[in-house]
Amino acid sequence: MSLRLPAVGHAAPWLGLLPGLVMCLFTGMATPAAAAEFTDSAGRIVVLPQRVGKVMAASPTAEVLVYALAPGKLAGWTRGWPSRGLPARYARLPVIGRLTGPDPTATAATVMRVHPDLIVDSGVVTAERIAFADQLSQATGTPYILLDNSMERTPAMLRTLGHILGVDAHAGDLATFAEHSIDALRGRLLIQPPSKRVRVYYGRGPSGLETGLPGSPAAAAIDEAGAINVAAPLGRGERIVVTREQLRAWDPDVIVAQERSFFEALRRDPSWRNLAAVRNKRVYLAPSQPFGWIDEPPGINRLIGLYWLSVMLYPSETLEDVRSQVQDFYDKFYGVKLTDAQVEAIAKTAGIPPSDTPHLAAFSLNGPAPGAAAPTVNEPGRRGVLPTGPAPVTTTPSYLMPK
């Protein structure tokens, strides 16, 4: 991905502006001095506007990315999110639909009505996605960029889009968190010999009989954590439906349920009683408020899932204080300050080992329990609110250098 000046017929007028533009790129000023050509993850050259004030996310994955970086620029949600647990001003954004995915609900007419400065899509870059981006951009006149959001490219993606949106410092803070999540934890967990790796089943949907195969976005967090996906013999890169008999035959050490209905069925349905994960009480509910820790959507929300999986799968090998990491992540990425009670409520069904902190008042994932304090909100990107954590590196990465 790169950013460069558009070609012009007369170069002379640009010469006086060039020093200022170069200084802008190197010092991380909020907005580029002029429109520039950006090469996205698909190799498409897109001319960006001078200022990006409103962004339309093409998919749920992209909307979490834009929200975390610059929530004030997000035009609306791709779908309704009940009980989001987000700051009220953003939770009330309109639902404008999704442009991509199996069931798109937005069209070129939606883009014309919303009139964004930029459309952002994030995910696996495919020929179909490239063709769609080109067609929609031509039809609406709106710049449309594709970003590869694979785990290893997440830090670069955050810095790149953060620069485009004029939030370099905040993006650098989020990218630093992402780098530690991916590099430090993966480096520790992937050294586990195969004989000691935990065999995991990730059950999606109400019945839990849909799962992600290795290499699929739905299973990326499981892959990164160094666990063995018991569905691996069925192939790679897809989401598939399995049978109860297959799950019983795999007999995983750990089962992660995406939805509470499957989580409760595993605990109460006698037909699952003989599974090793059930017998050994290693059945966990993946946290999902405001976005999933493993999937749903398969975006930057998965970063906190890496910390969680490391503690859940290999507690004796992990020194991370996952409770502190959860609070730090929610503050940095979502602008929400979780109380200790709220973290403990998440830990209860997520399998996070008990801490020495006394268990405080009960908290529902759908909101505070009666009498409990509501979460406090720190709106990322708001003027006067500085991101916390290590200072970002101010040197411009190579992919943002003008060509």
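**Strand pairing and aromatic contacts in the predicted model**

Strand β5 (residues 118–123) pairs with β6 in the parallel sense over 5 bridges, two strands being paired if DSSP finds at least two bridges between them. Helices (H or I, at least four residues) and strands (E, at least two) are DSSP runs numbered from the N terminus. The structure is a predicted model, in which local features need pLDDT of at least 70 and side-chain atom pairs count only at pLDDT 80 or more, whereas totals for chains, interfaces and linings use all residues. Residues are numbered from 1 along each chain as its sequence is written, and side-chain values use heavy atoms, with hydrogens and water left out.

Within this pairing, I145 of β6 is the bridge partner of V120. Strand β6 (residues 144–148) is mostly covered, with 5 of its 5 residues buried (under 20% relative accessible area, 1.4 Å probe, protein chains only; exposed is over 50% and partly exposed in between). Y144, L146 and D148 are buried on one side of β6, and I145 and L147 on the other.

Aromatic rings of Phe, Tyr and Trp (its six-membered ring) were paired if their centres lie within 6.5 Å, with planes under 30 degrees apart counted as stacked, over 60 as edge-to-face and the rest as tilted. By this rule, 15 aromatic pairs were counted. F177 and F333 form an edge-to-face pair, with 5.5 Å centre to centre and 70° between the planes. Because F177 lies in helix α8 (residues 168–189) and F333 in helix α14 (residues 322–334), the pair ties together parts that are 156 residues apart in sequence. Both F177 and F333 are buried.
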